[in-house]
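Please look through the sequence and the structure shown here before reading on. The report that follows takes up a few parts of the model in turn.

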Amino acid sequence: MLADIQRRFWHNMGIASVDGKTWDGPGVEPAVIHLLLPNARRTRQICQQSTTADRLVLVGTLQALDKIRSTRDRLSRKAITGLGPEQIVELARLDEILNLLKTFDLILIDEGHYEPAPSWSRSVRSLARPTLLLSATPFRNDYKLFSVRGAYAYNFPFQRAADENIIRDIAFNELGATGGTAPAIDSGERDGDQPLTAQDNAAIAAFAKNLLSACGPLLASKPSGSKIIIRGGSWSALAALQHHLAGLSGRDAVVIHEQARNPKNKTAHWGRYPTVKAAQAGSPGAIYWLHQTKLLEGIDDASFVAVALLDDFTNDRQLVQQIGRVLRSTDPSRTEKQTATVFARNSDNLSRLEASWAQFLSFEAAGEGQINNIIPGEAYLPEKIIPHMPARQYVDGRFRERLPADLMLDRADVVVPRRAAIFDIGAAFDDAILSDETYEGILARNRFVVRSISNCPSDVWGWSFFTVDESPYLARHFVTEWRFGLTLVVRAGDRLFVFDSEGVPFDLKKVGVTRIERSELVRLFAPSTPSQKVRITKLAASSLDMSDRAIRTMTTSTASFEDTFTDLLDAVLLPTNVAGYVGTTPRYLGLTRSKLSDATVRRVSIDDYVAWVTAIDAELTSASAANRVFDRFAQLTVPDLDAAAEPRNILLDLQPLDDFGAFVADQEGNTAPAVAPVLADLCAEITAGAFQVSLINGTALDCNISFDKKSGRYAIASEGLNASVGSKLSRAGTVMTLTERIKSDQAFRILTDETDKVYMHGKWVKARDLVVDGRVPALDSAEIIPALASTYVEKGEVAWAAGDMAVWQSTSIFGLTKRYLDAGTSGTDAYAHALQEFPLVLLDDDGEEMADFILVSDDKVVLLHAKAIGSDTGGNGAAVTNIQEVGRQVAASLGFFLTSSPQIKDDRWSRPYVANKTSIPYSGPGSVRIFRNQQNIPADGIAAKVRAALRDRRINKEVWLVAGRLIDIDVARDRALKGDLSNRTRQLLMYIDSLTTACGRANARLRIFAH
């Protein structure tokens, strides 16, 4: 652009020679033209020359301007607490250049369709100068609405430009090929990849063959050096297509794609580049230019004469932008009629493209005469509609007036819920910065018609606004849906309370506040006193446990948590949301986002809201402790930063933490749940910052993680994850990739070499304690059976079938169980003692089993699952992986306790038994499957007995896990007591806790027997 303004534009107009630097002549006075850069040397040079130059023109980017302004703002905030000498000089320099910019006569913005971006709001509007926007895309872009005001708007429509030969006209053609390929998810917004199927490869081959046939005559009719743009939906599709189009020289086709940054991809074929500039420099003679998103903008080369679409775009804006790349005419006299060609892959695709293009032309035609309606659009529709509403109306039990025509509200006009996000005020906090940042933050989001609320008390700031959405139920039409919203900010002492109907709008760092610590926030549920009863009745928590079958999150309701035992997992659960009563007031706390809500029958006035905030601030200041319920749960801790910088394991936590509570009727700030990929919910190992996560279909996705010691936060990078799900809007209204959302929410759990600490929801957390009063509660359900140290096989079918009872009963769990059940050989350990309670013991093992054994007494039924190591070596460790298989069987069998009609055939325990393809002979009375039947129940009555026991809600249910050399209880206990826990042993203990809880939720007790 600098070269254009200095000379190239004037040369193209035919009034300047091609050589030389800055041109001036008749009607164009001499001017000093500079690039606007944020560095000190350039800004000082500009300021110095401004004192002598009559005319000064600066060319720069919004990013450069924003860098100058944001750095100035940061130093201004820091000046409150003091600046060093160099910072004082820097602040003065930035103020000088910004003050100079405020004296300019005009600001011209190219690509003006990005106008609503936050960088515009802060950097351009703050200069308060006349501004001209230029855009070839006068419709919604960047997912936002225009908010330009003013009477001066002009649209030069496409068809007029084509009719006057200023640009090329468009001709559509179709190639008669088959379908396209499966594009990468979100393929229209960023370069991605998607594996090709056999059908995809066939479609690519047919497309390439027909394109080559069509392009021969086309290129022959065009000037030498003409080029064709081809758009595909993924890297793999483009790479395959390049082979077909490269020609005998291998150099007729280039690919421009982000995946070309990978050296392996780049070197696999000549002509692969990550940027357009690199391709132009490296392969200027290529004919076919293949891309996914790179050639939509930023290239104006008249040698591009046609576009071919292998794969469709995700919206019409991209189609128009793509066609725009081939519209530049090669005729400076504008007398020659030129036409660009758009190739559709087949007739169906052609119909869709022509329909989309026709709709665009209709939009353009409407814009020629109604541009003032299109540009402001719906952004200021409330101002037009409200005057046409009834002046007065009976609404919600009250006679009311409509909103004022100017939409200005007094504090007496507004009511709000007693709901706030609470922040601690830092040393750099400043009222003026808060007001500016909040207002600019509101503008930067998808909010319009922003008005200050008048007559607010001191230390209170308020704004009203409208938010906008489009109906999701329309395919070819649109209707704008408006919603009125409020932002209210109150300072009380050293705390800031923010109510916003759409979510906190400002950047916490820029304002100089931090979210209140959860250790302070939980004091709003204080201990009960004789004068005020405090009850916590609903609680949601996230678990520190990262094992395969662990509970991730849990929400529980009860009359009072203080009086009710809830879960063995409490020690490793971090509360995220809490609701209950303080006296008679219903209260809700969102601990991860510092939210508070006190329910009222009706919303309250601003004055009453301020009084409530003042009372809450006093309550936080005076409260010395939280309710003792919180002592049960995991506690916050401080990590070793060196260890934190070397994460070892990660579990992505992509399920949103939504607010809940019957007391929280208002849903302000609750975004729609983010779409997340269907991941296998498993802990992944991290090696040198790299790890893999797997989709549920087994596809592995490469990821990287890094740690910022200064902020104490992690960042995730993964093209595969981003490609697995489409981008969504952030609170700022900007598009966020999945990994950006993960980073923003810190939506994962991290283990480091400090294995007693877990990073989750942006906090480091430590379990309450695995050891309590010299015991390990997780192992309370486990009992040591020395005999199980020798049972290294589960069934022992070889010895059993051979009749070697001594070997069978000493080396297999089935044999040991039989020995303990027989009258003459019963043991004295806890397993033997537990077995003696049951007069009916049945071997259930086969392809239709509920468990390995079923034990029934008059007041108890047990499902017994057995698992052994399978080898006569090893088995002295304490790793979670050893019991996960049998643990899953435990969890799965719980359903048999909950059904009212268990499906058990009458002859179930009269059948022969085959163990691992080995038939077990039996010659005695009854059946080999009946290990004990002391009540002599007839064979045809045993199934009825078991069915009755399983569905009887009066008798106790238990699940037994009998482990043969799978885990050493003493090893696990000793490691816990000594604090010498590996990650796997820690996972073992947490996994046992999760199994215990799973059984408890099925009203069953878990018992573990191991050596």
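## An antiparallel sheet

Strand β29 (residues 649-652) and strand β36 (residues 748-751) run antiparallel and are joined by four bridges. Across this pairing, I650 of the predicted model stands opposite I750 in β36.

Both strands belong to an open sheet of six strands, in which the order is β28-β38-β37-β36-β29-β30 and the pairing is antiparallel. The edges are taken by β28 (635-636) and β30 (684-685), and because each has a single partner strand, one side of each is left without a neighbour in the sheet.

## Two nonpolar cores

The largest nonpolar core holds 54 residues, and those with the most contacts inside it are V416, L488, F525, L544 and Y609. Several elements each supply at least two residues of this core, among them the strands β19 (480-492), β22 (534-543) and β37 (757-760), as well as α17 (606-622). Of the contributors, α17 gives the most, with seven residues.

Around V416, once its neighbours within four places in sequence are left aside, the residues in contact are L486, L488, F499, R603, V604 and Y609. Apart from this core lies another, of 48 residues, which includes L840, V880, L950 and I992.

## A buried threonine and an exposed leucine

T341 is found in strand β11 (residues 339-344), and it counts as buried because its relative accessibility, at 11%, falls under the 20% cut-off. Leaving aside its neighbours within four places in sequence, T341 is in contact with A171, N173, L218, V305, A306 and V307.

L108, by contrast, which has its place in strand β3 (residues 107-109), counts as exposed, with a relative accessibility of 51%. Together with L106, L132 and L134, L108 makes a nonpolar surface patch of about 340 Å².

## Two residues with positive phi

Most residues other than glycine have a negative phi. L407, although it is not a glycine, has a positive phi of about 65°; this residue lies in the loop between β13 (398-401) and β14 (409-410), where it counts as buried at 3% relative accessibility.

H761 is also a residue other than glycine with a positive phi, in this case near 55°. The loop in which H761 is found runs between β37 and β38 (763-766), and both of those strands take part in the six-stranded sheet described above. At 17% relative accessibility, H761 likewise counts as buried.

Terms used
Residues are numbered from 1 along each chain as its sequence is written. This is a predicted model: local features need pLDDT of at least 70, side-chain atom pairs count only at pLDDT 80 or more; totals for chains, interfaces and linings use all residues. Side-chain values use heavy atoms; hydrogens and water are left out. A nonpolar core is a set of buried Ala, Val, Leu, Ile, Met, Phe, Trp, Tyr and Cys residues joined through side-chain atoms within 4.5 Å. Buried means under 20% relative accessible area, exposed over 50%, partly exposed in between (1.4 Å probe, protein chains only). Contact means heavy atoms within 4.5 Å. Two strands pair if DSSP finds at least two bridges between them. Patches are made of residues with over 30% relative accessible area and no salt bridge: like charges are joined within 9 Å, nonpolar side chains (Val, Leu, Ile, Met, Phe, Trp, Tyr) within 5 Å. Accessible areas come from the Shrake-Rupley method with a 1.4 Å probe; for residues, only the protein chains shown count as cover. A salt bridge is a side-chain nitrogen of Lys or Arg within 4 Å of a carboxyl oxygen of Asp or Glu.
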